[in-house]
Amino acid sequence: MFPTLTRRKLWQYGAVSVTGGLLAPLERRLNAAASSKVQPRGSADCVIFLNLVGGPSQMDTFDYKPYKFTPEDLDARTHKLGILWPHGLLPKTTGILEDAAIIRSMAAWETLHNLGQFYLQVGHAFNAARAKEMPSIGSIIAYEMASKARPSDFLPPFVSMNFPAGAVNGTLIREGYLDSSAAPLTFDIRKGGNMPFLLKDDYRERFHQRLDFLHSFDTSRQQQGSGVSKMVREWDSFSTAAEKMIRSPQVAGIFNLGEADRKRYGASAFGDACLIARNMVSADGGARFILVNQGGWDHHGDIYGKTDKSTMEDRRARGGLYSNCGDLDLALSSLAADLKGTNKLERTLVCVMGEFGRTPGNLTDIKGRDHWPGVRCGMFLGGGVKGGRVIGATDDQGGKITKFDWHKNRPVYPEDVTATIYSVLGIDWTKRLGGSPSGREFIYVEDMSPTGFIGSTEIKELFT
Amino acid sequence: MLELNVPYDEFVREMITSSAVSTWTTGPANFVARHRVMSGDGYSEMNHEDTADELAIWTTRLFLGVDMECVSCHDGKGHLEKVSLWLAKRKRAEVWRQAAWFGKTYVAPVYGRIPEFRVNDSEKGYSLKTKSVTRLPRYPADLTPTFVLDGTRYDARPGESEREQYARLLTSHSQFARAIVNLMWAELMGRGIVDPPFGFDMDRQDPASPPPAPWTIQPSHPELLNALAEDFRKHNHDLRHLMRTIVMSNAYQLSSYFPGEWKATYDAYFARHNTRRMSAEEFWDAVQDSTGVYDSYKVKDLDRKFKYVMEASFNQDFAGSHPQLFNLLQDWGQTDREDPPTKRASMVQAASLLNHDLIQNRVKVTKGGRLEKLLAKGDDELVSELFLATISRPPSAEEKAKSMQLVSRNRERGAEDLLWALLNRADFILVQ
């Protein structure tokens with residue numbers, strides 16, 4: 001006989017699940033140790049990270065430094081906060097500067113996209129011997145947040161949208177050696193789309209009938225106990241979570257995007273993803289780290305677009321920075337305004353940055369800029385960040401940091417950004433996890449030199 | 001290799017030693033070409049010593065199961081004591097001496113950015129003058145080509161180049177057969193006798209001389225590993241024979257369900273079958289085969305279309321023509337085959353089986369599809385055939401009763417629902 005009440009049935013009847021969260025941990029907690037001299041801030045419930053994949057050109061955007069090649073229509077104006085700003089590229093973003101802190105004294109360790117992206121997503125250097133076992137920031141957050149999960153959650157803690165994976169950018173870094181409950185929910189709404197969470201109205205009833213049938217029919221998931229293989233338990237956990245998400249009455253509010261909203265956010269794949277991120281925060285459905293990726297920032301050539309002015313009606317059609325900044329400007333400014341308007345910004349940290357900056361001075365012979373780890377820029381809003389400020393300064397071409405402007409008196413590295421993200425979510429960034437296949441501890445954020453001479457820390461200046 | 005049943009040692013010797021005027025016409029030389037490291041503009045200029053280092057690391061990893069990546073940047077001492085006894089004793093210079101077997105190997109693009117390469121033996125030897133673009137600076141050391149497992153040095157036999165001697169030493173060493181039988185075992189069983197299969201610790205292999213405590217012998221079944229290796233060598237490095245031996249074993253035939261209390265420490269003993277998820281390509285092709293509804297995929301630069309995505313040479317082949325499928329397969333862990341694909345499960349994979357447009361359309365009664373054909377037959381046959389087409393076994397009496405009941409209510413709709421449910425069973429997507 002089939003067992004009459006399985007774990008899947010429990011879901012169906014709406015019984016309280018054991019752990020509360022959408023994805024239940026399958027394995028016992030790993031041995032953890034924290035040296036804990038640090039006081040995590042705990043000033044946010046959620047982090048939205050806008051990942052500008054490819055490396056934006058700092059001197060044309062957040063650290064605007066006009067040079068002889070800079071086109072007139074970048075239209076530099078001095079904002080009332082005294083910030084020189086490229087109005088031609090990021091006009092709407094000026095509206096959120098009073099809530100934003102810009103760091104101009106950031107740098108990167110890497111000059112290749114895949115290695116830089118690994119650093120940005122994990123907060124650690126790529127290491128061929130350990131890369132596979134290292135969990136990304138989002139997965140560490142998911143692991144940490146498991147204890148705070150609620151039965152009402154219908155989203156997993158780690159969500160990633162539109163990562164432009166490939167040989168150049170590398171891949172989205174996932175849960176490493178952590179268990180499946182730390183895995184990201186990924187989807188891609190660029191060309192073609194792939195978003196199987198939304199039920200069509202005329203299919204809802206039949207879908208539920210199908211599920212009812214499946215639950216009693218899938219004998220391969222009905223065996224219980226430790227004798228069931230881990231992969232089966234993982235699959236069942238993912239499938240149960242997917243079902244719960246698809247069935248949730250709130251999910252439509254996240255993925256059904258109104259045309260007016262879409263237009264405000266730029267009606268681009270990036271804008272749509274930012275709108276979904278906003279909806280996820282409003283719904284309070286359990287998402288804690290939402291990674292929204294925007295490819296195309298790798299402007300080795302035609303950084304100022306094509307000169308053809310016939311397509312000026314929408315500047316984004318000109319390519320280069322006009323396209324990327326155009327999408328970013330509408331999405332970022334609308335996201336920040338909406339979060340502020342709903343009082344969600346106070347408890348949501350928004351970070352905007354890429355993996356490195358771009359070469360200062362002359363353009364290359366194909367009218368672009370190459371990779372430059374020496375300077376990159378980041379923007380931070382919400383989650384306790386004190387806005388209206390610029391931290392750090394660079395020389396007149398934006399190629400060299402001249403003023404660090406924070407207590408470490410050195411560039412801000414990916415480690416420090418990672419520590420800041422953990423801190424606002426109340427996570428001790430010095431924690432160490434055991435149990436990795438290599439036998440080495442995974443330290444959430446490591447000091448950049450083994451002696452601690454260059455120690456990593458949160459960027460407290462953002463908050464004071 | 002399997003199709004032609006080339007002996008594995010011959011296949012490896014060819015990859016290590018091949019030269020080519022163009023890798024487009026001499027296939028085996030692509031092995032050397034793909035591990036090139038470029039410097040300068042990233043396209044035309046090869047960094048010779050870095051390339052030789054990569055070839056040393058990859059040949060040792062793939063063909064001997066020993067990973068020297070760690071000691072390619074620093075000595076093992078002070079770093080790897082807790083990871084590997086053997087690696088902790090290794091010095092960086094031993095990687096360079098292993099790389100020196102490729103000291104004369106030359107790789108260069110034939111025409112700039114086009115991925116076509118020339119491979120020959122015209123270089124002057126492994127030099128310390130080149131600045132590494134991937135690793136820490138090198139320092140003076142003895143650079144005579146030396147086989148890292150047993151210290152055999154280059155002996156300049158007449159008619160045998162450095163690469164040829166290396167290929168001979170490597171393929172005749174006992175670890176060569178042990179590494180491949182373990183890798184094949186791991187591929188089929190989900191876990192190696194030494195696991196991970198590229199993580200051999202050479203100081204923990206011999207049960208007759210066990211390592212000092214707390215270390216233990218590394219293979220879970222050292223005698224089995226050696227016996228499989230011996231049998232593989234006796235059968236002329238025949239991979240088909242090896243695969244047949246493993247899949248015919250009692251261990252392989254076990255169920256993935258263990259009817260008792262299971263502890264994590266049992267994993268190494270193969271007392272139940274390890275479950276694996278189908279790869280992205282296997283998944284989609286299985287959906288096509290199960291539903292009998294096929295598409296056709298064009299391969300870039302070829303004037304041919306294929307029925308299965310497995311036949312595409314590169315995932316981008318159908319990114320333009322089938323963007324939805326491309327995105328779906330990305331979520332199932334498909335890569336461009338530069339990086340290994342992931343077979344890890346995820347929420348979006350489960351969601352796509354439940355509710356993706358592409359799956360929804362596949363389970364509908366379609367002209368020429370499996371459902372249309374089966375609907376012409378009796379309920380009994382319809383149900384049995386659908387089970388066979390999806391989870392490769394006939395239904396149990398109870399499953400049959402449930403399925404017949406579903407189909408009897410509304411034949412067409414019931415058959416669609418049954419097919420959907422079969423595709424959503426865990427044992428469709430998991431190989432158990």
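Helices (H or I, at least four residues) and strands (E, at least two) are DSSP runs, numbered from the N terminus. With that in hand, we can walk through this structure. It is a predicted model, in which local features need pLDDT of at least 70, side-chain atom pairs count only at pLDDT 80 or more, and totals for chains, interfaces and linings use all residues; side-chain values use heavy atoms, with hydrogens and water left out. Residues are numbered from 1 along each chain as its sequence is written, while chains are lettered from A and ligands numbered from 1 in the order in which they are written.

Let us start with how the two chains meet. The contact (heavy atoms within 4.5 Å) takes 63 residues from chain A and 61 residues from chain B. About 5100 Å² is buried between chain A and chain B, and carbon and sulfur atoms give 59% of that area. Buried area here is the accessible area (1.4 Å probe) that two parts lose on being put together, summed over both. On the chain A side, Arg210(A), Phe217(A) and Trp235(A) lose the most area to chain B, together 15% of what that side buries.

Glu416(B) and Arg206(A) are joined by a salt bridge between their side chains, at 2.8 Å from N to O. The elements that give two or more residues to the side of chain A that touches chain B are β7 (185–187), α4 (204–217) and α5 (230–247) of chain A. Of these, α5(A) gives the most, with 12 residues.

Next, look at the interior. A nonpolar core is a set of buried Ala, Val, Leu, Ile, Met, Phe, Trp, Tyr and Cys residues joined through side-chain atoms within 4.5 Å. Buried means under 20% relative accessible area, exposed over 50%, and partly exposed in between (1.4 Å probe, protein chains only). The largest nonpolar core has 121 residues, of which Ile290(A), Met379(A), Phe283(B) and Trp284(B) touch the most other members. Helix α9 (residues 320–341) of chain A gives the most to this core, with nine residues. Apart from it lies another core, of 64 residues, including Trp185(B) and Phe232(B).

Chain A also has a well-covered helix. Nine of the nine residues of α3 (137–145) of chain A are buried, so this helix is largely enclosed by the rest of the structure. Its buried residues are covered by elements that include α2 (113–122), β6 (158–161) and β8 (289–294) of chain A.

Now turn to chain B, whose domain assignment gives domain 1 (8–172), domain 2 (174–269) and domain 3 (277–431); such bounds come from an automatic or database domain assignment. The C-alpha centres of domain 1 of chain B and domain 2 of chain B lie 28 Å apart. Where they meet, 21 residues of domain 1 of chain B are in contact with 20 residues of domain 2 of chain B. The area buried between domain 1 of chain B and domain 2 of chain B is about 1700 Å², with carbon and sulfur atoms giving 64% of it. The count of salt bridges between domain 1 of chain B and domain 2 of chain B is one. The side chains of Lys89(B) and Asp203(B) meet in a salt bridge, at 2.6 Å from N to O.

Arg233(B) sits in helix α8 (residues 222–234) of chain B, and it counts as partly exposed because its relative accessibility is 32%. Among the residues that Arg233(B) touches are Ser172(B) and His173(B).

Finally, some backbone details deserve a look. Most residues other than glycine have a negative phi, and most peptide bonds are trans. A cis peptide bond joins Asp195(B) and Pro196(B), with omega about 0°. The bond from Ala213(B) to Pro214(B) is cis too, with omega near 5°. Pro196(B) lies in the loop between α7 (174–189) and α8 of chain B, and Pro214(B) is found in the loop between α7 and α8 of chain B. Phe270(B) has a positive phi of about 55° although it is not a glycine, and Phe270(B) is buried because its relative accessible area is 7%. In chain A, Asp302(A) has a positive phi near 45° and is found in the loop between β8 and α9 of chain A.

Note on methods: A salt bridge is a side-chain nitrogen of Lys or Arg within 4 Å of a carboxyl oxygen of Asp or Glu. Lists of a residue's contacts leave out its neighbours within four places in sequence.
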